[in-house]
Amino acid sequence: MTSTPKRLLLVEDDAHDARFVMRAFAQVDKSIELVLATDADEALGQLASGHFDYMLMDIKLPGSDGIELLRRVRKSRATALIPIIVLTSSINPADALQCYGAGANAYAAKPSSVIEYRRFAEAFIRFWVESTILPPGMSARR
């Protein structure tokens, strides 16, 4: 689907959810390279060692939670502009407000079926990859 390969950092500690996300993206667009981090520290390490076009993350993580991860990613000049989409089981408006306040670009509830994960991946690709214009310098690899 996409012409230029994109890298997506998936920050998810639940193995089943991570597998559903990875499978859905692989079915929808094989050119998206997904890299999995299972906690905030691992995510920060991945971000420090490579270029990512997008970040898809849960907020309920072991150790530092997702809100703290958002704040740290946004504080760094190297990662401040990466589009960050929160994909979480929490539908609590207070969690959504905290995430947006910490710098999330979008907040979505986790799908409840394999079909819905695929629909999420399709919508993600259509909006974030095919339609959105990223800030200058975001599309080039470091």
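**Aromatic contacts and overall fold**

Reader: Y54 and F124: buried or exposed?
Author: Both Y54 and F124 are buried. Keep in mind that this is a predicted model.

Reader: How many aromatic pairs does the structure hold?
Author: It holds 5 aromatic pairs. Y54 and F124 form an edge-to-face one, at 5.5 Å centre to centre and with 80° between the planes.

Reader: Which parts does that pair tie together?
Author: Y54 is in strand 3 (residues 54-57) and F124 in helix 5 (residues 114-131), so the pair links parts that are 70 residues apart in sequence.

Reader: And what about F127 and W128?
Author: They are edge-to-face as well: 4.9 Å between centres, 90° between planes.

Reader: Is F127 buried or partly exposed?
Author: F127 counts as partly exposed because its relative accessibility is 45%. W128 is buried, at 12%.

Reader: Which residues form the aromatic cluster?
Author: F25, Y54, F120 and F124 make up one cluster.

Reader: What lies over the face of F52?
Author: R7 does, at 4.4 Å from the ring centre.

Reader: Switching to the fold. What pattern does the chain follow?
Author: Along the sequence it reads β-α-β-α-β-α-β-α-β-α. That is 5 helices and 5 strands.

Reader: How compact is the chain?
Author: As compact as a globular protein of its length, because its radius of gyration is 14 Å, close to the 14 Å from the globule rule for 142 residues. The C-alpha trace spans about 35 × 35 × 25 Å along its principal axes.

Reader: What share of the residues counts as buried?
Author: 48% of the 142 residues.

Key:
Residues are numbered from 1 along each chain as its sequence is written. This is a predicted model: local features need pLDDT of at least 70, side-chain atom pairs count only at pLDDT 80 or more; totals for chains, interfaces and linings use all residues. Side-chain values use heavy atoms; hydrogens and water are left out. Rings of Phe, Tyr and Trp (its six-membered ring) pair if their centres lie within 6.5 Å; planes under 30 degrees apart count as stacked, over 60 as edge-to-face and the rest as tilted. Helices (H or I, at least four residues) and strands (E, at least two) are DSSP runs, numbered from the N terminus. Buried means under 20% relative accessible area, exposed over 50%, partly exposed in between (1.4 Å probe, protein chains only). A charge sits over a ring if NZ of Lys or CZ of Arg is within 6 Å of the ring centre and within 35 degrees of the ring normal. The radius of gyration is taken over C-alpha atoms; the globule rule is 2.2 Å times the number of residues to the power 0.38.
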